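Here are my notes on the model, as numbered points. Please keep the structure open while you read.

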Amino acid sequence: MNIETKPNDYSAYPDASGRFGDYGGRYVPETLMPLVHELDAAYRAAKADEGFKAEMAGLMTHYVGRPSPLYFAERLTAHFGGAKIYLKREELNHTGSHKINNCIGQILLARRMGKTRIIAETGAGQHGVATATVCARYGLPCVVYMGAVDVERQKPNVFRMNLLGAKVEPVTSGSATLKDAMNEALRDWVTNVHDTYYLIGTAAGMHPYPEMVRDFQSTIGREVKAQVLEAEGRLPDAVVACVGGGSNAIGIFHPFLNDEGVKLIGVEAAGEGMETGRHAAAINGGRPGVLHGNMTYLLQDANGQIEEAHSISAGLDYPGIGPEHSWLHDVGRATYLTATDLESLEAFKLLAELEGILPAIESAHAIARLGDVAREVGKDGIVVLNLSGRGDKDVATVAAHLGRQI
Amino acid sequence: MSKARIDARFAALQAEGRAAFVTYVMSGDPDYATSLEILKGLPAAGADLIEIGYPFSDPMAEGPPIQRAAQRALGKGMTLAKTLQMVAEFRQGDAETPIILMGYANPLIGWGFEAFARDAAKAGIDGLIVVDIPPEEADPLADALDAEGLSLIRLATPTTDDKRLPVVVRRTSGFVYYVSVAGVTGVKEADEAALAPHVLRVRASSVLPVAVGFGIRTPERAAAIARVADGVVVGSAFVDEVADALAMNESVTARVLSKVESLAKAVRSARVESLTV
């Protein structure tokens, strides 16, 4: 799209109409538009309310277990032979990933708005589990839409959601993965506008979701900033995160946007390889368009039909990306690399063997590029990686790829 | 000139004292040739205006019938370019019936709004409904359509309150499409008793006629809506006929057009009957 000039203050975005440069916006059917405005107003009011902030902070401390540690990965650092590597341990949060941060914020907002029914979409099931968790905590009925393909490859998470009292609706339309789950959740919302709150799990969709989810996830980056200053007395040279929709990445990037000395590196899923066309890398392999309420980079064919994404990771298996990432890419503030399925499997094993941590296969994509980044930054440097989720859910997938029976 | 075709049709029907019957079909469903044949047969079967869906892979406001129709069309290689070609072929034999395209933003964005408006006008299209471009995002598209004299037809819904209605009708031309239910196409049924006050409300918000759609499947329901609105839109019921004909190996064109005839009859006689009751 247009080459845009770098802004003086990145934190001033989006504008009032939900735009990050050309990206974002509110591309929804008219039925939803009044709700989108209502949500925006409710979010602005909550954001300014000390009581809301205090309630959220209390839950973050005592329910989620924040702050999550910033851990110096000594053996990984030695292995790569470059910069010092720190891992932001989001996988230690309650429910096992960063997804809970956003769910806490949005469930409190839904309650403020008087909504009595919660719906969500999920890919890997991490957001579905986090949503089911907060719904159980507040006694609200919860329906989670999940592609039938993902229901099959993430069975443990489906059962976890059921245990938490949520109803999981397998979605068979389209490619039966995350994008179709999101279509189905939007159809539910259009049909049940009056009592239903749509708890979107990533920093994408119609305004104000990209901004709101980013704000709730930015607690990750704010903690990292304080923790790395305490440990090293200075800011890191680079911050690395995997990107599907991009909520963990924008959460760790955002507090560093105005610190131009800190390189921000997102890693998209290259699936079977960029050259095969079977990947999920919207920025590296797509072009701008409109899907699910926002203008952003999308995988699409020459006629504007959305193409199916392909990734070993259900959480990255999405043909779009949050609009703020599209903008950060265009203005050159963040860099988006890719990692294949096989590279991510290798990275999964590496972290298990060197640090005793099973990463989510999503986060393993970021680890797959970590060596390159650490060596480029060099021995005196500091690199922080967002370890966004734990890998217990992926053990069966990894075993299958290794040809092992469990 | 294209806005003129829609305006002329509504004016003529108003003079006749009856509501417009607006039929929706998916272009390229079940294939290009059959779809063109259906299109050509629609005016004689009783369609006053024609809405042509252009298929999109991720139609978020559609229920299962139109989702599947889009999948069938895409499976046969249908594209937006071929939809324009189909309308151009239709126009060779029909210069009167207004044609309105209905679909989603993304195929238009790749084309470019200005270029698309030019090509659509050239093909003989009169107006456009884009489900996922609400008024807040519509100015670039509205500018491009205005330049070519095409109508941008907006949707008003049960959630569009009086405060918002002026936002919706601003820059709308041709007619206002009132979505009779909060939901996706072809699922919930419209309730005409609850509907009438909404139609009056929307009609009062502009000088434009109001057509009502979503959830109208039977002649009885179509007639009831025709008594209160300026137009009745039926879509999923025809798309279902395509699916049923395919499943039963019958003539798709014959089944769709026969369904159109039965609903058209109901719409045409609705107000006459209501006068004699």
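1. Start with R171(B), which sits in the loop between α8 (165–169) and β7 (176–179) of chain B. The model is predicted. In it, R171(B) has a positive phi of about 65 degrees, although it is not a glycine. Most residues other than glycine have a negative phi. Is R171(B) buried or exposed, or something in between? It has 17 other C-beta atoms within 10 Å, so it counts as partly exposed. The cut-offs explain this: a residue is buried at 20 or more such atoms and exposed at 12 or fewer.

2. Now look at H292(A). Its phi is positive too, about 55 degrees, and H292(A) is not a glycine. Find it in the loop of chain A between β11 (287–291) and β12 (293–298). H292(A) has 28 other C-beta atoms within 10 Å, so it is buried.

3. Next, the cis peptide bonds. Most peptide bonds are trans. In chain A, a cis bond joins R66(A) and P67(A), with omega at about -5 degrees. P67(A) belongs to the loop between α2 (50–64) and β3 (70–72) of chain A.

4. Chain B has a cis bond to check as well. It links D29(B) to P30(B), and omega is about 5 degrees. Where is P30(B)? Look in the loop between β1 (20–26) and α2 (32–45) of chain B.

5. Turn to strand β13 (residues 334–340) of chain A. Six of its seven residues are buried, so the strand is largely enclosed by the rest of the structure. How many bridges join strand β10 (residues 263–271) of chain A to β13(A)? There are seven, and the two strands run parallel. For one pair to trace by eye, take V267(A): its bridge partner in β13(A) is L337(A).

6. Last, the contact between the chains. On chain B, 32 residues are in contact with 28 residues of chain A. Which elements of chain B supply at least two residues each to the side that touches chain A? They are α3 (64–75), α5 (105–111) and β6 (155–156). The largest share comes from α5(B), with five residues. By type, this side of chain B has 17 nonpolar, nine polar and six charged residues.

Key. Residues numbered from 1 in each chain as written. Chains lettered and ligands numbered in written order. Predicted model: local features only at pLDDT ≥ 70, side-chain atom pairs only at ≥ 80, totals over all residues. Helix = DSSP H or I, 4+ residues; strand = E, 2+ residues; numbered from the N terminus. Pairing = 2+ DSSP bridges. Contact = placed C-beta atoms within 7 Å. Nonpolar A, V, L, I, M, F, W, Y, C, P; charged D, E, K, R; others polar.
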